[in-house]
Amino acid sequence: MRNRITFAGHASLPVIGQGSWFMGENPSQRAREVAALQAGLDCGLRLIDTAEMYADGGAEEVVGEALRGRRDQALLVSKVYPWNAGHSDAIEACERSLRRLQTDYLDLYLLHWRGNIPLEETLRAMETLQQQGKIRFWGVSNFDTDDMAELWDEPNGEHCATNQVLYHLASRGIEFDLLPACQQRGVPVMAYCPLAQAGRLRDTLFTDPLLTQIAQQKGIRVAQLLLAWVIRKPGVIAIPKASSVAHVQENAAALEVVLTDEELQLIDRAWPAPQHKLPLDIV
């Protein structure tokens, strides 16, 4: 089925989900944020991504409120700080996240970025959490190619369900080596900030004459064009922030956008893929 993927135990998941970075920081926006997440579920965007880092757990509380009575409709992802990734610390951190999310399990739990705690210890914590029924699958975030190679060499490292990394048209570094490596292993990549939401290049992308022209010709917004570009490759899931009901509905509509070969070639010439290894972009 077009623009769907088998992911974290879900046989047919749309390749656009919902992010929650910056949610929970302003109490006056809480109702709007909850409504946006719920609208996303209504549109079929079942994957919701959050983290203990976001607003010091505030984003998890917003997500928990949005999922009240609807938990079974979502594939729920959260992330643990690297300094909380030791065995007992990771279990306690996960339990705190579960309380904020008002649920008894996570579909997917990620190590937010690489820290000083040995991967072997973090993997043991993830396996313990699985055995306890508190998480269904585990993965990583912000892991570069060498990090993934080291992870896959660990006992049970092949069970990693995803790598969540920065990926958008103005940040294509993963296409040189990381994305092909994950595709070869059958590990889906979650693209955070697919619209360059937290980067300095957002305005450049949204005012680019070529992108504006293609979007106008297709009768869509530039944001929808950028999302369609990110999910054009197999094994990639985009998780734009669910900032409002209208934006979530636009994001969902991007699942139906088809970019022609000619359009993709024009975009590639204007925003070329790297021809050598680049350090992993992180924001």
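Reply: A residue counts as buried under 20% relative accessible area, as exposed over 50% and as partly exposed in between, with a 1.4 Å probe and protein chains only. This is a predicted model, in which local features need pLDDT of at least 70 and side-chain atom pairs count only at pLDDT 80 or more, while totals for chains, interfaces and linings use all residues. Residues are numbered from 1 along each chain as its sequence is written, and side-chain values use heavy atoms, with hydrogens and water left out.

Me: Is Asp-146 buried or exposed?
Reply: Asp-146 is found in helix H5, residues 145-153, where helices (H or I, at least four residues) and strands (E, at least two) are DSSP runs numbered from the N terminus. The relative accessibility of Asp-146 is 65%, so the residue counts as exposed.

Me: How far apart in space are Asp-146 and Asn-156?
Reply: In sequence, Asp-146 and Asn-156 are 10 residues apart. Taken from C-alpha to C-alpha, the separation of Asp-146 and Asn-156 in space is 17 Å.

Me: How many aromatic pairs are there?
Reply: Rings of Phe, Tyr and Trp (its six-membered ring) pair if their centres lie within 6.5 Å, and planes under 30 degrees apart count as stacked, over 60 as edge-to-face and the rest as tilted. Under this rule, the number of aromatic pairs is six.

Me: Which kind of pair do Trp-21 and Tyr-54 form?
Reply: Trp-21 lies in the loop between strand E3 (18-19) and helix H1 (30-42), and Tyr-54 in the loop between strand E4 (47-49) and helix H2 (58-66), so that the pair links distant parts of the chain, 33 residues apart. Trp-21 is partly exposed at a relative accessible area of 21%, whereas Tyr-54 is buried at 6%. Because the ring centres of Trp-21 and Tyr-54 are 6.0 Å apart and the planes meet at 25°, the pair is stacked.

Me: Which kind of pair do Trp-83 and Trp-113 form?
Reply: Trp-83 is exposed, with a relative accessible area of 52%, and Trp-113 is partly exposed, with 27%. The centres of the Trp-83 and Trp-113 rings are 5.7 Å apart and their planes stand at 75°, so the pair is edge-to-face.

Me: Which residue links with Trp-21 and Tyr-54 into a cluster?
Reply: Ring pairs are what join the cluster. Together with Trp-21 and Tyr-54, the cluster contains Phe-22.

Me: What is the phi of Phe-22?
Reply: Most residues other than glycine have a negative phi. Phe-22, found in the loop between E3 and H1, is partly exposed with a relative accessible area of 39%. Although Phe-22 is not a glycine, its phi is positive, at about 75°.

Me: How is H2 oriented to H3?
Reply: Axes are lines fitted to C-alpha atoms, for helices over the stretch in contact, and angles run from 0 to 180 degrees between N-to-C directions. Angles under 35 degrees count as roughly parallel, over 145 as roughly antiparallel, 65 to 115 as roughly perpendicular and the rest as oblique. The axes of H2 and H3 come within 7 Å and cross at roughly 45°. H2 is therefore, relative to H3, oblique.
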